[in-house]
Amino acid sequence: MSIDGFRIRRLLEADAEEFRAIRLEALQRHPEAFGASLEDEAARSLAFFAMRLKENAVFGGWVPEEPSLAGIMALHFPSAAKTRHKARLWGVYLRPVARGRSLAPALLRSVLNHARERVEEVGLSVTAGNAAAERLYEQAGFASFGSEPRALKIGEAYHDERLMLLRF
């Protein structure tokens, strides 16, 4: 589907190779933004990434002049009865070619439209100080409800996370 001039769609198991490539790039370029590590994910099989696509709603976006996947956003929907009312946004990454071109808001709209049909709310965590991401989420209606100090440790450096929630 085309949204604001971008091609956006849910990724399928057949997209596992391209998903793996962009995911590993994200972990390499911005380790502070993800709970997963490059070393752990690089050691995982292509079948693992295919299963992630099957078990989560992962959306991809392409910019007009680029054939490669330019951005990803994912939703996890818990299966437990007491937590089925909410989803978790994770794995957000845009390649440099897509930044500042409004792909992120278009992808987020697609992801949230998908979530609206299934849950009552979407939560996320964002590395404290990532102003562009915080602005994107706030403009979409997310509100901060707390923070987790020292949420991630990379080497000897700690990174806090800001917790945000959007209720439909």
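Buried means under 20% relative accessible area, exposed means over 50%, and partly exposed is in between, with a 1.4 Å probe and protein chains only. With that in hand, let's work through some exercises.

This is a predicted model, in which local features need pLDDT of at least 70, side-chain atom pairs count only at pLDDT 80 or more, and totals for chains, interfaces and linings use all residues. Residues are numbered from 1 along each chain as its sequence is written, and side-chain values use heavy atoms, with hydrogens and water left out.

**Exercise 1. The overall fold**

Task: State how many helices and strands the protein has, and work out how its radius of gyration compares with the globule rule.

Solution: 
- Step 1. There are five helices and eight strands.
- Step 2. Along the sequence they follow the pattern β-β-α-α-α-β-β-β-α-β-α-β-β.
- Step 3. The radius of gyration, taken over C-alpha atoms, is compared with a rule of 2.2 Å times the number of residues to the power 0.38. The value for the protein is 15 Å, close to the 15 Å that the rule gives for 168 residues, so the protein is as compact as a globular protein of that length.
- Step 4. Along the principal axes, the C-alpha atoms fill a box of roughly 40 × 40 × 35 Å.
- Step 5. Of the 168 residues, 42% count as buried.
- Step 6. Take contacts (heavy atoms within 4.5 Å). Among those between residues at least 6 apart in sequence, 64% join residues at least 24 apart.
- Step 7. A UniProt annotation from an unreviewed entry, "domain: N-acetyltransferase", covers residues 6–168; such annotations may be inferred rather than shown by experiment. Over residues 6–168 the chain is 32% helix and 34% strand.

**Exercise 2. One side of a helix**

Task: Name the buried residues of helix α5, and say what covers them.

Solution: 
- Step 1. In α5 (residues 131–139), the buried residues are Ala 133, Glu 134, Leu 136 and Tyr 137.
- Step 2. They cover an arc of only 160° around the axis, which puts them on the same side of α5. The arc is that of the directions from the helix axis to the C-beta atoms.
- Step 3. As background, an α-helix has 3.6 residues a turn, so residues three or four places apart point the same way.
- Step 4. The cover includes β4 (71–76), β5 (86–94), α4 (103–116), β6 (121–127) and β8 (157–167).
- Step 5. After α5 comes Gly 141, with a positive phi near 105°.

**Exercise 3. Pairing of strands**

Task: Trace the partners of β4 and of β8.

Solution: 
- Step 1. Two strands pair if DSSP finds at least two bridges between them.
- Step 2. β3 (residues 57–62) pairs with β4 in the antiparallel sense over five bridges, and Gly 60 stands opposite Ile 72 in β4.
- Step 3. β4 and β5 also run antiparallel, joined by five bridges; here Gly 71 has Leu 94 as its bridge partner.
- Step 4. Five of the six residues of β4 are buried, so β4 is largely enclosed by the rest of the structure.
- Step 5. β8 pairs with β6 in the antiparallel sense over seven bridges, with Glu 161 as the partner of Thr 127.
- Step 6. Eight bridges join β7 to β8, also antiparallel, and Ser 147 has Arg 162 in β8 as its bridge partner.
- Step 7. β7 and β8 form a hairpin with two residues between them, and Gly 155 in the turn has a positive phi of about 65°.

Terms used
Helix = DSSP H or I, 4+ residues; strand = E, 2+ residues; numbered from the N terminus.
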